[in-house]
Amino acid sequence: MGVPEIEDAALLFVFGYNGADSHPIVARRIVRAKQKGAKIICADPRIIETARIADMHLQLKGGTNLLLVNAIANTILEEGLTDEDFIEKHSNGYAEFKEIVKKYTPEGVSVQVGIPASDIRKAARMYATSGRSMILYGMGVCQFGQAVDVVKALANLTIMTGNLGRPSTGIGPVRGQNNVQGACDMGALPNVFPGYQAVTNPELRAKFEKAWGVKLPDQNGITLTVVPHQVLHEKDPTKQIHGYYIMGEDPVQSDPDSAEVRESLEKCDFVVMQDIFMNKTGQYADVILPATSWCEHEGVFSCCDRGFQRVRKILEPVGDLKTDWQIICEMSTAMGYPMKYNKTEEIWNEVIELCPGFYGATYQKIEKQGSVQWPCRDRSDADTGTVYLHKGGKFSNPDGKANFFATDWRPPQEVENKEYPLTLCTVREVGHYSVRTMSGNCRMLRNLEDEPGWLQISPRDAEKLGIKHQELVRVSSLRGSVITRANVTERVKKGAVYMTYQWWVGACNELTNANLDPISKTPEYKYCACKVEKLSDQKAAWEDVNKTLADLRKKMRVDVKREGVKA
């Protein structure tokens, strides 16, 4: 699907995605869809902005995503709302899918999910009968130990109702950060070359070996999230990690269980960080390579809708900086593999020559159209790219059909208990970007919101704990504890608390659990057990916050003045 298509859907099922905080421009498309008459179903544990304009808000309990999706599928089956013609002609595995889903009735899951069965049934009918239903999902789906299963379950809904292969239908993963799609497109994944070409396929591997003049491994690599294990616990010497090259990432701030991440960086023999500003990870780097920012170099981004867009240089870099691609070229050459390009267009031309799905997306075509959505296989003007996938019910599997997939729900790895009675979920904040490496260096944004961040907590939980709005509190889990401010709000349900992950002092990833989805290896950022405690001496707590922040800035040589906050 394309982002502009959102506003022409008849129904939007927004699942675990907070566009207003994550992507305000995409959120504007959701508002336009509402203005054009679309129905909106919002599935989210919090009362987010989308929930406020939704026709239905399914305020589910965290960790029950698959229960809800399977119950919606169950209703569609039971009430005969399926597109049997589409299923028969364009899918496989329908019988096996029905066998698993039939036990997940709305009445059977209602208590666990926290939603009345009648509401689940109503949402299922709305989705199945609109004629043009589109699903948008975000990190509220992806950052769980059972993430991939839920994504496939949402895809089941599109197949069983025929909401695929037509404008303003389908399923849209709205990526967590800019150019996540582009990083994956360019092969920054451990199992594929650029263009999603499998590392384990000998013919594809041979193509890249010939183009690059090298011999490439035939085994998949590992994901970033398993690096701590490979450094600290791996016994096989051939699998141990001794060198770690970190580019445009701050794992100490962004990865779960920060204490384990710090330990792995301390014990790793050699760490290189390539970035535009200093960050927490930089404290552990043996070498720091300063790179240019987005406005200081040229390149190509991929939007979340597969659209290639040009990025143009508008400022000359100041100081001893190089572009990311120049640094990589010089590193490669120094290590014995000569790599040289004169400009980014040469790199792009190599990419599209090796990737059939990108072949037609030349600089000239991107320039002419503004954006080219892959697949774009022909360089003639006739091929303008592909707005939506699966036209005519054609899928990328060998037989051209979609595959149903169903499995049983399993709870999050770490659930609330007597010692840690609350659940913690990490979320995004509209005022700062990602781990705040960039936006934290902007004085205006810091003035809008600054350390030590906030903990969203329900009034009932706050009252029980004797906590008032804006007071400093201590939040603890099995892995650590942090101090942050209480944001007492009706937007969250009793029993659950939420923290954004930008803050150096109120760093929620000191608390999060490193349980990974077995397929995607994405951490379970959205669910772990925690406790919240009132701090009786607020003045001392503020002094501690300000001292901790000052020490961090001094360690990282961050030359940014900040007035201490007083109680």
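The crossing of helices α4 and α6 is left-handed, a term that applies when the near helix is turned anticlockwise from the far one by less than a right angle, with clockwise giving right-handed. Helices here are DSSP runs of H or I with at least four residues, strands are runs of E with at least two, and both are numbered from the N terminus. The model is predicted, and local features need pLDDT of at least 70, side-chain atom pairs count only at pLDDT 80 or more, and totals for chains, interfaces and linings use all residues. Residues are numbered from 1 along each chain as its sequence is written, and side-chain values use heavy atoms, with hydrogens and water left out.

Two packed helices are described by the angle between their axes and the distance between the axes. The axes of α4 (residues 65-78) and α6 (residues 94-101) come within 10 Å and cross at roughly 115°. These axes are lines fitted to C-alpha atoms over the stretch in contact, and angles run from 0 to 180 degrees between N-to-C directions. The two helices are therefore roughly perpendicular to each other (65 to 115 degrees; under 35 is roughly parallel, over 145 roughly antiparallel, and the rest oblique). N70, A73, N74 and L77 of α4 meet Y94, F97, K98 and V101 of α6, where contact means heavy atoms within 4.5 Å. By class, this contact has five nonpolar, two polar and one charged residues. Ala, Val, Leu, Ile, Met, Phe, Trp, Tyr, Cys and Pro count as nonpolar, Asp, Glu, Lys and Arg as charged, and the others, Gly among them, as polar.

The cysteines come next. The structure holds zero disulfides, a disulfide being a pair of cysteine sulfur atoms within 2.5 Å. For C184, the closest cysteine sulfur is in C142, 11 Å away and too far for a bond. For C355, the closest is in C376, at 13 Å, which is also too far. C184 is buried, with a relative accessible area of 18%, and C355 is buried at 1% (buried is under 20%, exposed over 50%, partly exposed in between, with a 1.4 Å probe and protein chains only).

Some backbone features lie in loops. The peptide bond from W374 to P375 is cis, with omega near 0°, and P375 is found between β14 (372-373) and β15 (402-403). D257, although not a glycine, has a positive phi of about 55°; D257 sits between α14 (251-254) and α15 (258-267) and is buried, with a relative accessible area of 14%. K521 has a positive phi near 60°, lies between β21 (513-516) and β22 (523-524), and is partly exposed at 31%.
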